[in-house]
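Good morning, and thank you for joining this meeting.

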Amino acid sequence: MTTSRKPLPKKRATPRTWRCGLCQARVPSTKKSCPECRTRRGTGRRAMGARCDALWAKIVRTQVICQGGCGYSSMEAAHIVPRRFRSTRWMIDNGRALCRACHAFYTNHEAAWRAFIGGDEYDRLWNLAQVRWDGDYEKVLRTLKEEQGT
């Protein structure tokens, strides 16, 4: 009785590449920077946004206990105005350190957010969210690094 084996996967005919975020050139994955414009890998919009998100969350979660009032110590960084509004996404004022339960509660209850942080602050953040974002990730990173240093 013969057993059939699965065929081995074929090797890639083309080498893996990444696209430069500045000049859009295709660069082999073995290179760490673009040969055309010398931009280092990981400076595209997605990578820069992920860096900003991680640094923002690290700054916001510096609280020891939940700011929601429950007293738990496992922190998540919660946005008051949702992340899709990029003009306020990385503002430190737009974040609170909350436990998972409080984060889920406040995310689903807008009136509770308003009462928790105050109506004037809530309205200010929502008004800022309506302003078009300039798209400058470098400026956001610089601002967050300065905030982290203080």
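**A loop, a set of cysteines and a helix**

I begin with Arg38, which is found in the loop between strand β2 (26-28) and helix α1. Helices here are DSSP runs of H or I with at least four residues, strands are runs of E with at least two, and both are numbered from the N terminus. Please note that this is a predicted model, in which local features need pLDDT of at least 70, side-chain atom pairs count only at pLDDT 80 or more, and totals for chains, interfaces and linings use all residues. Residues are numbered from 1 along each chain as its sequence is written, and side-chain values use heavy atoms, with hydrogens and water left out.

Is Arg38 buried or exposed? Its relative accessibility is 61%, so Arg38 counts as exposed. Buried means under 20% relative accessible area, exposed means over 50%, and partly exposed lies in between, with a 1.4 Å probe and protein chains only. Between the C-alpha atoms of Arg38 and Cys23 there are 9.8 Å, and the two residues are 15 apart along the chain.

The loop between β2 and α1 also holds Thr30. At 70% relative accessibility, Thr30 counts as exposed. Thr30 and Arg16 are 14 residues apart along the chain, and their C-alpha atoms are separated by 8.5 Å.

I turn now to the cysteines. How many disulfides does the structure hold? There are zero, a disulfide being a pair of cysteine sulfur atoms within 2.5 Å. Cys102 is in no disulfide, and the nearest cysteine sulfur, that of Cys99, lies 3.6 Å away. Cys102 has a relative accessibility of 13% and therefore counts as buried. Cys34, at 0%, counts as buried.

Cys52 belongs to helix α1, residues 45-60. With 0% relative accessibility, Cys52 counts as buried. Apart from its neighbours within four places in sequence, Cys52 is in contact with Trp90, Tyr137, Val140, Leu141 and Leu144, where contact means heavy atoms within 4.5 Å.

The next topic is helix α4. Ala112, Trp113 and Ile117 in α4 are buried. Seen down the helix axis, the buried residues of α4 fall within an arc of 110 degrees, so they line one face of the helix; the arc is that of the directions from the helix axis to the C-beta atoms. Ala111 and Ala115, on the other side of α4, are exposed. What do the buried residues of α4 pack against? Their partners are β3 (76-79), β4 (95-98), α3 and α5 (119-129). Just after α4, Gly118 takes a positive phi of about 100 degrees.

Two packed helices are described by the angle between their axes and the distance between the axes. Helix α3 (residues 100-108) and helix α4 (residues 110-117) pack at about 110 degrees, with axes 5 Å apart. Axes are lines fitted to C-alpha atoms, for helices over the stretch in contact, and angles run from 0 to 180 degrees between N-to-C directions. The helices α3 and α4 are therefore roughly perpendicular to each other, a term that covers 65 to 115 degrees. In this contact, Phe105, Tyr106, Thr107 and Asn108 of α3 meet Glu110, Ala112, Trp113 and Phe116 of α4.

Finally, α4 and α5 pack at an angle of about 115 degrees, and their axes are 6 Å apart. Here Glu110, Trp113, Arg114 and Ile117 of α4 meet Gly119, Glu121, Tyr122, Asp123 and Leu125 of α5.

How values were computed:
Angles under 35 degrees count as roughly parallel, over 145 as roughly antiparallel, 65 to 115 as roughly perpendicular and the rest as oblique.
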